[in-house]
Amino acid sequence: MKRIDRSTDEATHRLRALFAELYGGHPTIYRAPGRVNLIGEHTDYNDGLVMPAAINLYTYAAVGPRSDRRLRVYSETLDEACDLDLDSIRPGKSGHWSDYVRGVAGVLESSRYKLRGADLAITSEVPLGSGLSSSAALEVSTAWALLSNSEIDVDRNAIPQMCQRAEHLYPETKCGIMDQFISCHGRAGHALMLDCRSLDFQLLPMPSHVRLMVCNTMVRHEHASGGYNTRQRECQEGLRALQQALPEIHALRDVTVGELQQHHSRLSPVIYKRVRHVVTENERVKMAASALQAADMAKLGELMADSHRSLRDDYEVSTPDLDLMVELASDQKGVYAARMTGGGFGGCTINLVHSGRAEEVQQRLEQNYETRTGLKPTILVCEASDGAGPVA
């Protein structure tokens with residue numbers, strides 16, 4: 001069974017050697033995890049509720065100080081380098097991966113944190129374009145590295161917000177706060193229910209016999225190239241229309257199912273479906289938290305299946321490959337729950353699987369999916385893990 005059981009020591013030893021080869025000296029290393037979202041998709045940028053878990057796939061950033069105001073950055077994952085001037089960073093999208101590093105540095109500087117120049121070497125275990133939040137892991141690990149390199153102490157709650165702002169202003173993806181928040185606040189053995197408005201959160205223990213199985217369909221998602229931002233605009237259109245009848249609401253999370261039904265005629269058919277997903281998904285998150293607290297995996301599975309159907313039919317961000325992977329998993333014994341995870345338009349599904357059945361489920365899914373699509377999926381058994389911080 002292909003479990004995620006990498007040694008942090010191994011990863012950091014390799015990164016230290018790379019840093020020494022590139023820049024000389026001995027770096028400090030920081031890491032930030034990717035994440036899966038169990039339920040609560042496309043609710044975060046509507047001030048709603050989400051239930052992610054950090055997973056033991058990390059992005060590592062090795063950092064050392066410079067005497068000038070330059071950032072030299074090398075990505076081992078992409079085998080590319082960039083050179084940035086801290087005094088000339090401005091918002092705007094270039095379409096290059098360095099937008100994420102540039103954005104974090106730019107937002108830290110604009111937040112009146114005077115950064116020291118740095119050499120950075122970055123490597124990532126989080127698959128790119130998979131829906132496991134590789135961008136947030138890069139942003140958060142970079143933020144930790146740059147702040148620590150400059151001997152700046154920042155409250156852990158402030159880092160997700162600055163990283164989210166960086167993604168808005170530089171790659172220009174209007175993401176919510178969930179990915180950056182769980183990358184900072186994840187806890188081993190737990191999922192986390194987050195209120196994306198107040199940033200209040202509740203840790204929810206995962207049953208010890210349940211494994212997180214991440215199934216990469218090998219169809220790379222590209223939600224930043226239109227679909228993700230389009231959905232956000234549609235939600236804002238729905239909000240404005242409903243505010244004419246419900247002036248007290250500030251976001252779609254304030255709308256009840258009953259209010260939506262009462263005022264649905266104000267919305268076009270497409271906008272109604274988008275809003276219906278958000279409103280019902282928030283309710284599903286609340287019920288899922290109760291189910292997880294009670295270790296009621298059957299109920300949690302029903303809610304996650306309902307979530308996938310809503311994402312497929314109302315929000316229209318699933319794909320035939322994601323639907324097939326969910327269908328194949330749902331037919332397997334020992335699978336409690338299956339649904340797409342992440343922004344959609346490709347990427348991964350998340351399954352909750354009994355530990356005693358995980359190896360068999362993995363083998364069957366790999367075989368059946370490849371037979372049906374001709375694509376060989378990457379299927380990983382992960383653990384809920386701790387959030388960002390320094391590597392000792």
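Predicted model: local features only at pLDDT ≥ 70, side-chain atom pairs only at ≥ 80, totals over all residues.

Me: At what angle do helix H4 and helix H5 pack?

Reply: Helix H4 (residues 158–169) packs against helix H5 (residues 178–185) at an angle of about 145°, and their axes are 8 Å apart. Axes are lines fitted to C-alpha atoms, for helices over the stretch in contact, and angles run from 0 to 180 degrees between N-to-C directions. Helices are DSSP runs of H or I with at least four residues, strands are E runs of at least two, and both are numbered from the N terminus.

Me: Which residues make the contact?

Reply: From H4 come Ile159, Pro160, Cys163, Gln164 and Glu167, and from H5 come Gln180, Phe181, Cys184 and His185. Contact means heavy atoms within 4.5 Å.

Me: Zooming out, how many helices and strands are in the chain?

Reply: The chain has 11 helices and 12 strands. Its radius of gyration is 21 Å, close to the 21 Å from the globule rule for 392 residues, so the chain is as compact as a globular protein of that length. That radius is taken over C-alpha atoms, and the rule is 2.2 Å times the number of residues to the power 0.38.

Me: What box do the C-alpha atoms fill?

Reply: Roughly 60 × 55 × 40 Å, along the principal axes.

Me: And what share of contacts joins residues at least 24 apart?

Reply: 72%, among contacts between residues at least 6 apart in sequence.

Key. Residues numbered from 1 in each chain as written. Heavy atoms only, no water.
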